[in-house]
Amino acid sequence: METKLLRIAELAKSDPKMKFTSIVHLLNKQSLVQCHLELPNKKATGINGTTKEQYSETLEENIEDLVSRLKSKSYHPVPVRRMYIPKLNSNKKRPLGLPEHEDKIVQKGITKILNAIYENDFLDCSFGFRPNRNCHDALKILNHYIEKKSVNYIVDVDIKGFFDNVDHIWMMEFLKLRITDPNLLRIIGRFLKGGYMEEGKKYKTDKGTPQGGVISPVLANLYLHYVLDLWFEKEVRKQCEGHAYIVRYADDFVCCFQYKSEAQEFFQSLKLRLQKFNLEIAEDKTKIIPFGRFAEKDAKLKGNRKPETFDFLGFTHYCGKSKSGYFRVKRKSSRKKLQGKLKESKEWIKKNRNNDIHMIMDRFKRSLVGYYNYYCITDNTPSVHQFKDKIQYLLFKWLNRRSQRKSFTWDKFNLFLHKYPLPSPRIKVNIYELRKEISYIL
């Protein structure tokens, strides 16, 4: 399958208007077995509770039956299992849709096909869930635009419930611009309309693509490619006299403008653009702010001590200065994300404080390493040190409650940390170091 996907990618690149008429046959026995093997182990299951391990017990028979149903057009995805995860620092919860393992296999196969076709179509401003691109790359490009280009205003946008409001009719129309294979389109359509199960009851879905599905990220990218990226590149930028840039990671994006009037005009036209595709802006989370080399001066003229800040991909961006006194964009862990992670750690230690101490410390070591790998970027080390200190205090507080006498003093705790040390933060990502894969954008 990999060779055929490479060929599809070459054809898609050579002719941006080419339509692929017969590609569903790539979902054959060999490719679907490979998709099964590539799926992660021990993940939450769908409504039937089938795990990867259970599916593997009779893998050949299961895959042959799946291929047979795909060929006879009788394959129907099982409704996803609806579950909810709490939003950071909010009483609200975010819905997830968990597919059955077999449906994950098919989604994985289709995702590979869609990536082969659309990866060459997607624009450089898009970074989410794409090969050789990540959050840090998006942050680096955004940093370059603000520091090196004539950027004076930021439009920080939040789309209200994007994954829950993707329009199915528009999605299928966008797919048909590149794919005319009716069998593949039928399967994708069935995934979109597959519905979900909650408390034993089935609900239909006439819009949205569930978060938790393997195929959802590429479908989200495809939708916003046509709704937002191409529109910004082909229309918005051409109408601007000053500089204008967009950096998008999935449905999270930031737009940069040289002139305030053009930022305001874009903001108004964006509302209409999203409305056309049945999306809307979250007004309370969207703003236009002065940001750049002149923002501090403007803030003082208005009687403000500091320029406004904005959050993007877990970091609060603020106007700072280099050691030489020149303007620089700086970042620190966003308060919302930091408090959310502390709350999660507190809940875990509260429930598991009486477990084996080696297990507890191993969990926190792994958690800190993961946190450092993302948040230890240029300028953010002080914020990460604060996070580590708060984690240590949580450990002290809850480990002390293991004993009714509360004899675990701070001095004893420091001796304990000497025996079971937690990793210390150090810079993992240099915001000014661009990887070769994305340096061509600039």
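**Helix packing and cysteines in a predicted model**

The axes of helix 5 (residues 101–118) and helix 10 (residues 216–239) come within 10 Å and cross at roughly 30°. This is a predicted model, in which local features need pLDDT of at least 70 and side-chain atom pairs count only at pLDDT 80 or more, while totals for chains, interfaces and linings use all residues. Residues are numbered from 1 along each chain as its sequence is written, and side-chain values use heavy atoms, with hydrogens and water left out.

Me: What makes helix 5 roughly parallel to helix 10?
Reply: Angles under 35 degrees count as roughly parallel, over 145 as roughly antiparallel, 65 to 115 as roughly perpendicular and the rest as oblique. The two axes cross at roughly 30°, so helix 5 is roughly parallel to helix 10.

Me: Which residues bring helix 5 and helix 10 into contact?
Reply: Contact means heavy atoms within 4.5 Å. Thr111, Leu114, Asn115 and Tyr118 in helix 5 meet Val218, Leu219, Leu222 and Tyr226 in helix 10. Of the residues in this contact, six are nonpolar, two are polar and none is charged. Here Ala, Val, Leu, Ile, Met, Phe, Trp, Tyr, Cys and Pro count as nonpolar, Asp, Glu, Lys and Arg as charged, and the others, Gly among them, as polar.

Me: Why is helix 8 called roughly perpendicular to helix 10?
Reply: Helix 8 (residues 168–176) packs against helix 10 at an angle of about 85°, with the axes 10 Å apart. That angle makes helix 8 roughly perpendicular to helix 10.

Me: Which residues of helix 8 and helix 10 meet, and how do they divide?
Reply: Trp170, Met171, Phe174 and Leu175 in helix 8 meet Leu219, Leu222, Tyr223, Tyr226 and Val227 in helix 10. The residues of this contact divide into nine nonpolar, no polar and no charged.

Me: How many disulfides does the whole structure hold?
Reply: A search finds zero. A disulfide is a pair of cysteine sulfur atoms within 2.5 Å.

Me: What rules out a bond between Cys319 and Cys256?
Reply: The sulfur of Cys319 has its closest cysteine sulfur in Cys256, 12 Å away, which is too far for a bond.

Me: Why is Cys135 called buried?
Reply: Buried means under 20% relative accessible area, exposed over 50%, and partly exposed in between (1.4 Å probe, protein chains only). Cys135 has a relative accessible area of 16%, so Cys135 is buried.

Terms used:
Axes fitted to C-alpha atoms, helices over the stretch in contact; angles between N-to-C directions. Helix = DSSP H or I, 4+ residues; strand = E, 2+ residues; numbered from the N terminus.
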